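Subject: Structure handover

Hello,

Here is the structure I promised you. Please open it and keep it in view as you read on.

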Amino acid sequence: MILLALVLAVLMLPGFMKLPAELRSKRLKQLAWVAIALILLVLMLSGKLSGLLAIFGVIFAFLVRSMPLILRYAPQLHSIWLRFKAGNPQYGKPGPGPSRQAGMTTTEAFEVLGLNPGATEEEIIQAHRKLISRFHPDRGGSDYLAAQINQAKKTLLGR
């Protein structure tokens with residue numbers, strides 16, 4: 001049966017390749033749904049569908065148990081996804097512009113630390129210490145927030 005399907009696919013391939021790209025994509029999607037339906041039908045008739053459902057159950061249980069970890073890193077994953085979509089898949093690469101250092105402007109850095117522009121070096125260090133002591137991951141804080149606080153300090157002090 002698989003051999004018959006393979007022979008039919010080889011015979012139909014030249015005609016399929018002559019189709020426009022849009023129609024070809026539509027036909028491939030239809031073929032994929034038909035193939036999935038046939039596979040499920042064969043599994044059901046052979047009594048093997050319960051094994052497939054058990055695998056899906058294990059995957060679902062794994063995702064549910066790992067959800068807190070996924071949500072903890074969601075901001076970083078979202079940032080990576082946005083950079084990938086923007087055509088800059090290299091994480092951590094500085095963006096364009098003279099006031100940017102590793103992706104944070106000085107205005108953003110002042111906002112993160114809760115300071116006004118023109119703050120002294122000592123005020124920046126004190127604000128950093130105060131915030132990092134509250135939001136450090138070892139004290140139940142977020143890795144993302146601690147990274148933002150550290151990045152703000154580096155941006156403002158140029159270190």
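A contact means heavy atoms within 4.5 Å. With that in hand, look at the contacts between residues at least 6 apart in sequence: 44% of them join residues at least 24 apart.

Remember that this is a predicted model. The pLDDT of the chain averages 82. At least 70 is the score for 89% of the residues. One stretch needs care. Residues 91–102 have a pLDDT below 50. Beyond near neighbours in sequence, this stretch still has 19 contacts in the model. Where pLDDT is low, the predicted coordinates should not be read in detail.

Now the overall layout. The chain has 7 helices and 2 strands. Along the sequence, the order is α-α-α-α-β-β-α-α-α. The chain holds 159 residues, and 14% of them count as buried. The exposed surface comes to about 12500 Å². Carbon and sulfur atoms supply 68% of that area.

Next, the largest pocket. Its volume is about 800 Å³. Two elements give two or more residues each to the lining: helix 1 (2–17) and helix 2 (21–46). Which helix gives the largest share of the lining? Helix 2 does, with 10 residues. In total, 21 residues line the pocket. Nearest its centre lie Ala 5, Leu 8, Ala 9, Met 12 and Leu 31. By type, the lining divides into 19 nonpolar residues, 1 polar and 1 charged.

Last, look at the loop between helix 5 (106–113) and helix 6 (121–135). Is Gly 114 buried or exposed? Gly 114 has a relative accessible area of 61%, so it counts as exposed, as the cut-off is over 50%. Ala 119 has a relative accessible area of 18%. Buried means under 20%, so Ala 119 counts as buried.

What does Ala 119 touch, leaving aside its neighbours within four places in sequence? Ala 119 is in contact with Phe 110 and Ile 124. Ala 119 and Leu 156 are 37 residues apart in sequence, and their C-alpha atoms are 9.4 Å apart. Gly 114 and Ile 124 are 10 residues apart along the chain, with 9.4 Å between their C-alpha atoms.

Over to you.

Best wishes

Notes
Residues are numbered from 1 along each chain as its sequence is written. This is a predicted model: local features need pLDDT of at least 70, side-chain atom pairs count only at pLDDT 80 or more; totals for chains, interfaces and linings use all residues. Side-chain values use heavy atoms; hydrogens and water are left out. On a 1 Å grid over the protein atoms alone, a cavity is a set of points where a 1.4 Å probe fits but cannot get out, and a pocket is an open set with protein on both sides within 12 Å along at least five of seven lines; lining residues have an atom within 4 Å of a point. Grid points are joined across faces, edges and corners, and a volume is the space filled by probe spheres set on the points. Helices (H or I, at least four residues) and strands (E, at least two) are DSSP runs, numbered from the N terminus. Ala, Val, Leu, Ile, Met, Phe, Trp, Tyr, Cys and Pro count as nonpolar, Asp, Glu, Lys and Arg as charged, and the others, Gly among them, as polar. Buried means under 20% relative accessible area, exposed over 50%, partly exposed in between (1.4 Å probe, protein chains only). pLDDT is the predictor's confidence in each residue, from 0 to 100. Accessible areas come from the Shrake-Rupley method with a 1.4 Å probe; for residues, only the protein chains shown count as cover.
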